[in-house]
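Let's take a walk through this chain together, from its overall layout down to a few individual residues. Have the sequence and the model side by side as you read.

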Amino acid sequence: MILTATQIPTYDHMKHTLLNHQLMEEGVPLHIVSSMVAGLMCAITTSPVDTIKTRIMNQHKIGGKGLKYNSPLDAARQCLKAEGLKGLYKGFIPNWMRIGPHTIVTFFIFEQLRSIVGIRPV
């Protein structure tokens, strides 16, 4: 949910910003640049959630109950206290390397399909 809520608006906003300021014209380079920015923003917004989820999943458990974290908020609090904000971004680069190409391919195909069926760019 966080990924989609970031990915689509960022792509659309970046594309229109570049077009409105006449920095790029409609076409493949515009779609790729807009997608790259959207991928970066997705990695920025999802990395803390992925880090917390991973910590909770990897903690030692006894009888199905975690020994270190009581909840996602507790995991975030402990991470911030022990490591600061950068602790929430451990694994950022691999996350971006996963989300970035996916976002580029997704929006590139989306724009190409729109073109093939004769729908004008938005």
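How many helices and strands does the secondary structure of the chain come to? There are four helices and two strands, taken as DSSP runs numbered from the N terminus (helices are H or I with at least four residues, strands E with at least two). Along the sequence they follow the pattern α-α-β-β-α-α. This is a predicted model, where local features need pLDDT of at least 70 and side-chain atom pairs count only at pLDDT 80 or more, while totals for chains, interfaces and linings use all residues. Residues are numbered from 1 along each chain as its sequence is written, and side-chain values use heavy atoms, with hydrogens and water left out.

The C-alpha trace spans about 60 × 25 × 20 Å along its principal axes. Buried residues (under 20% relative accessible area, with exposed over 50% and partly exposed in between; 1.4 Å probe, protein chains only) make up 31% of the 122 residues.

Cys79 counts as buried because its relative accessibility is 1%. Leaving out residues up to four places away in sequence, Cys79 touches Arg55, Gly84, Gly87 and Leu88, a contact being heavy atoms within 4.5 Å.

Finally, visit Thr103 in helix 4 (residues 92-116). Thr103 is buried, at 0% relative accessibility, and beyond its neighbours within four places in sequence it contacts Gln7, Ser35, Ala38 and Gly39.
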